[in-house]
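Q: Hi! I have a structure open and would like to go through it with you. Could you help me find my way around?

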Amino acid sequence: MSSIHDTPRPFRYDAEVDPGEVRHIQYEVGETYLGRPVELPVTIINGEHAGPRLCLSAAIHGDEVNGVKVLQEVADRYDPADLHGTIVCLHVVNVPGYIAQQRYLPIYDQDLNRSFPGTEGGSTASRMARVIWDRFVSKCDIGLDFHTSTRNRMTVFHGRADMEDEGIQRLVEAAGIPLVMSGQGSSGMLRRVATENGTPIVTVEMGEANRFQPMLIDLGVQAVENVLAAYEMYPEATPRRPEFQKVLTSDDQKKWIRADHGGLVEMKWGPLPIVDEGETICVVSDHFRTEEHVVTAPFDGFLAGILANPRVLPGHPLVHLVEITEEDREHVRRSYEQVGFARHGTFHWMGKMGEQLAEPLLEDGPDEHADDD
Ligand SMILES: [Zn+2]
């Protein structure tokens, strides 16, 4: 790592943040129609002691907000007097998408996460990416980039990273991410470009778009804490390891199972997101319930992604099924039994666990409270 220096350094973007200083800034990365600056909220915590520079980024897809909450928490948590190195929080990378509450940059739907490292004379996305890359990301040594599933789906807490890269292997191990899907990623992706340029960055996927999901946010904050501990950036940090760590390569079977019929979906898996070959995952029916199409698991696996909108058209994804060994299935089962899978979801429609939720609210027999207002 290039960052292990003996003396603490100022962090330079185009101003300087001295060792021991915390600075919250609004950094101009573009311009609106009205000629006003588009400003990226950034926190730089520069430790009094020398150490690596950790880049944390969220909402590069503008509707993916679990990570925004992780960064708000992190930016407020660490004292520069005890920090060895620097934490750079890019709170909302895609500011225009965030304002519009949408994934892509308005209005041409450019994907900021396919635009790195960007060029000064390029598209809106490319210019914005260039500024963010030059001023902040390229100055860091390692990073976590927080995402969620795209809207109408949810995803379990997992990482995406190129596990062929040694820096990535160390970072994934350090962060304590239980499930990692290994792959280079698409061209222009922040994590891919950064990793290729010597700043290993792991994508952390968790939950749904447009939601705060407290348990997943806690896991995200803990992943940051784990990294600070493993890279000896914060002596007080308390790492917590997951019960299992599993890396999936492209050789492992994983498949988005899609609807073949339009209609209403009823999930039948549960309570844990593990299914056996042939087990019913869900049923797609028409509104008169004259036709019911049963969707079964083509192999034993684990549901890493799940539809969170009960209306489908043919071709819509239902679940992302990932094949795992019998041994890993037991680890998955145990770790979910510990934390309770229900807490991963939100209060709306999610699997067959819903059947038991109403039970304690319902009374049998005559209504004793009939005279109440
Ligand atoms: Zn995303």
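This is a predicted model: local features need pLDDT of at least 70, side-chain atom pairs count only at pLDDT 80 or more; totals for chains, interfaces and linings use all residues.

Q: Thanks. What does H6 itself look like, and how far does H6 reach from its first C-alpha to its last?
A: H6 covers residues 214–230, which makes 17 residues. The reach is 24 Å, close to the 24 Å expected at 1.5 Å a residue.

Q: Which residues of H6 are buried?
A: Quite a list: Leu216, Ile217, Leu219, Gly220, Ala223, Val224, Glu225, Asn226, Val227 and Leu228. You'll notice Glu225 and Asn226 among them.

Q: You mentioned H4. Which of its residues are buried?
A: In H4 the buried ones are Ile168, Leu171, Val172 and Ala175. They span an arc of only 100 degrees around the axis, so they sit on the same side of H4.

Q: Why would that spacing put them on one side?
A: An α-helix has 3.6 residues a turn, so residues three or four places apart point the same way.

Q: Nice. What does that side of H4 pack against?
A: The buried residues of H4 pack against E7, E8 and E10, against strand E9 (179–182), and against the helices H5 (190–196) and H6. Just after H4 comes Gly176, with a positive phi of about 70 degrees.

Q: Is Ala59 buried or exposed?
A: Ala59 counts as buried, because it has 25 C-beta neighbours inside 10 Å. Asn152 is partly exposed, with 15 other C-beta atoms within 10 Å.

Q: Switching topic: where are the cis peptide bonds?
A: One joins Pro106 and Ile107, with omega about -5 degrees. Another joins Phe116 and Pro117, with omega about 0 degrees. Ile107 lies in the loop between H2 (95–99) and H3 (124–135), and Pro117 also lies in the loop between H2 and H3.

Q: Let's zoom out. How many helices and strands does the chain have?
A: Eight helices and 19 strands. The chain has 373 residues, and 45% of them count as buried. Among contacts between residues at least 6 apart in sequence, 68% join residues at least 24 apart.

Q: What about the largest nonpolar core, how many residues does it hold?
A: It holds 101 residues, and Leu56, Val88, Ile132 and Leu144 touch the most other members. H6 gives the most to this core, with seven residues.

Q: Why does the core lie between the two domains?
A: Domain 1 (11–248) and domain 2 (254–354) both give residues to the core, so the core lies between them.

Q: Back to Ile132. What does it touch?
A: Leaving out residues up to four places away in sequence, Ile132 touches Val29, Leu40, Leu90, Val93 and Val137.

Q: Last topic, the open sheet of four strands. What is the strand order?
A: The order is E16-E15-E13-E18, with antiparallel pairing. E16 (292–296) and E18 (311–312) are the edge strands, each pairing on one side only.

Q: How many bridges join E13 to E15?
A: Four bridges join E13 to E15 (residues 280–285), and the two run antiparallel. Within that pair, Val265 stands opposite Val284 in E15.

Q: And how many bridges are there between E13 and E18?
A: E13 (residues 263–267) pairs with E18 over two bridges, again in the antiparallel sense. There, Leu264 stands opposite Arg311 in E18.

Methods. Residues are numbered from 1 along each chain as its sequence is written. Two strands pair if DSSP finds at least two bridges between them. The expected span of a helix is 1.5 Å times one less than its number of residues. A residue is buried if 20 or more other C-beta atoms lie within 10 Å of its own, exposed if 12 or fewer, and partly exposed in between; C-beta atoms are placed from the backbone. Two residues are in contact if their C-beta atoms, placed from the backbone, lie within 7 Å. A nonpolar core is a set of buried Ala, Val, Leu, Ile, Met, Phe, Trp, Tyr and Cys residues joined through C-beta atoms within 7 Å. Domain bounds come from an automatic or database domain assignment. The arc is that of the directions from the helix axis to the C-beta atoms.
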